[in-house]
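User: I am new to this structure and would like to learn how to read its features one at a time. Could you take me through them, with the general idea before each case?

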Amino acid sequence: MNNRVITVIDLKAFYSYVECLDRGLDPWTTPLVVGDRSRSVNTIILSVTPYLKSKGVPSRVRMKDLPKGYNYVFATPRMERYIEKSCEVINTFLEFVSEEDMHVYSIDEAFIDLTTYIPYYKKDGKSLVIDIINRVKEKTGLQATAGLGDNFFLAKVALDVFAKKAKDGIGELHYEDVKTKLWPITPLNKIWGIGPRLEARLNRLGMHNMGDVANANRDLMRAKFGIMGDQLVDQANGIDESDIHEDYEPKEKSLSFGQTLPRDYNVKETRLIIRELCDDLAGKMRDGKMKTDLVAVGIGYSSDQGGFSRQMSLMKATDDTDELYQALIDLYDRNVTNLPIRQVHISFGHLNHNHNVEQLDLFKDPKAQEEKRNLQLMIDEIHNKYGKNLLLRASALTDYSTAKERHEFIGGHKR
């Protein structure tokens with residue numbers, strides 16, 4: 001096993017912290033909320049200050065569900081400012097390490113391989129992480145926490161589970177800690193990559209902590225989860241061979257979008273949400289010069305009434321928005337029940353980059369196909385340059401469309 005020194009550094013309450021710094025406010029004493037009050041009361045808050053977190057206010061909550069009793073300071077999200085501030089942090093990291101030893105995971109989180117820098121700086125991993133975090137604070141005013149481990153997975157678990165309990169904000173998890181610190185972790189959704197649905201499936205198999213997963217029968221795990229089953233067992237035993245220096249190409253690549261709806265939607269209204277999610281995901285796929293021959297749709301009904309998730313293989317790989325939407329709707333119509341709907345999720349799998357040859361459908365007019373494709377590519381170009389909300393379907397004007405709000409929330413006004 002190839003021991004390395006990996007850290008993942010996370011900026012604490014990033015969006016709200018930036019807003020407080022720009023206003024000259026103390027994020028530890030100010031009840032600031034990052035959210036647009038001009039939008040629906042169902043708008044999801046992007047961030048709250050450490051002060052509000054310490055009082056039990058969730059970092060992700062709808063505007064209408066904010067607890068009463070606080071004199072809130074509201075800040076409208078400013079994605080360009082957050083990106084600018086994130087770049088300042090990345091430039092600070094580059095004072096210590098080279099770009100090839102860093103992987104930016106998100107706007108407020110990055111992995112760094114410190115292995116070769118330990119002898120150079122003549123410091124252990126934790127001392128070096130402390131120096132980096134202190135420098136970030138000095139240069140940007142932002143406060144960071146970190147996880148430190150012998151690989152990506154252990155470092156991420158150290159951040160997510162143990163950093164919040166550490167006085168210095170740095171959690172550690174090493175191979176020798178696996179049985180004593182990793183195995184007892186429960187519930188399983190505390191672990192990076194294990195969401196509520198996967199957790200429920202593992203629970204049904206009698207696995208409730210990471211020790212249960214580590215000691216699971218591999219044949220059973222492969223039968224139930226495919227290649228992911230092996231990965232789950234490996235990670236539960238502290239094994240992760242990912243290398244920051246390699247261009248990682250997953251064996252099963254996929255793209256997905258999902259949304260929790262602002263209210264209960266009926267079967268007809270939800271079709272529009274699927275259309276809008278498909279528009280966005282197909283554009284993202286074309287940006288990456290990819291095609292798919294596997295589509296999936298998932299629906300969650302309101303009030304714990306269950307739901308479904310179904311997938312379908314296509315006759316040939318495609319990136320055509322209309323073809324993908326038709327496949328998704330076929331799946332949806334075959335499986336949906338007339339119940340109030342609260343969650344929608346779509347995904348494209350088996351992605352490939354074989355974009356050299358454009359395969360035309362022999363049963364359709366070649367000229368019409370070419371014109372249609374050129375139109376979709378032109379729309380993608382407009383979205384990338386000016387933002388998705390500049391050019392929308394007329395259906396976005398309906399009161400049950402969520403396209404505009406979703407684009408604003410995820411920074412999709414510019415892709």
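User: How many bridges join strand 10 to strand 12, and in what sense do the two run?

Analyst: Two strands pair if DSSP finds at least two bridges between them, and the strands themselves (E, at least two residues) are DSSP runs, as are the helices (H or I, at least four residues), all numbered from the N terminus. Here, in what is a predicted model, strand 10 is joined to strand 12 (residues 341–349) by eight bridges, and the two run antiparallel. Within this pairing, Val295 has Phe348 of strand 12 as its bridge partner. Strand 10 also pairs with strand 11 (residues 307–318), again over eight bridges and in the antiparallel sense, and there the partner of Ile299 is Phe308 in strand 11.

User: Before we go on, what should I know about the numbering and the model's limits?

Analyst: Residues are numbered from 1 along each chain as its sequence is written. Since the model is predicted, local features need pLDDT of at least 70 and side-chain atom pairs count only at pLDDT 80 or more, while totals for chains, interfaces and linings use all residues; side-chain values use heavy atoms, with hydrogens and water left out.

User: Why is strand 10 said to be largely enclosed by the rest of the structure?

Analyst: A residue is called buried under 20% relative accessible area, exposed over 50%, and partly exposed in between (1.4 Å probe, protein chains only). Strand 10 (residues 292–301) has nine buried residues out of ten, so the rest of the structure largely encloses it.

User: In what order do the three strands of the open sheet stand, and which pairing do they show?

Analyst: In a regular strand the side chains alternate between the two faces of the sheet. The open sheet here has three strands in the order 3-2-4, with mixed pairing. Strand 3 (47–48) and strand 4 (73–75) are at the edges with a single partner strand each, so one side of each has no neighbour in the sheet. Strand 2 (residues 32–34) pairs with strand 4 in the parallel sense over three bridges, and Val34 has Ala75 in strand 4 as its bridge partner.

User: How should I read the salt bridges, and how many does the count come to?

Analyst: Side chains of opposite charge can pair when their charged atoms come close. A salt bridge is a side-chain nitrogen of Lys or Arg within 4 Å of a carboxyl oxygen of Asp or Glu, and by this rule the count comes to 23. One of them joins Lys139 to Glu95, with the closest N and O atoms 2.9 Å apart. This pair links distant parts of the chain, 44 residues apart, for Lys139 is in helix 5 (residues 125–140) and Glu95 in the loop between helix 3 (79–93) and strand 5 (102–106). Lys139 is partly exposed at 42% relative accessible area, and Glu95 is partly exposed at 37%.

User: Where do Lys156 and Asp160 lie, and is Lys156 buried or exposed?

Analyst: Both Lys156 and Asp160 lie in helix 6, four residues apart, which is about one turn of the helix, and their side chains meet in a salt bridge (3.5 Å, N to O). Lys156 counts as buried at 5% relative accessibility, whereas Asp160, at 25%, counts as partly exposed.

User: Which residues are linked in a network of salt bridges?

Analyst: The network of salt bridges links Glu19, Asp22, Arg23, Arg78, Arg81 and Glu84.
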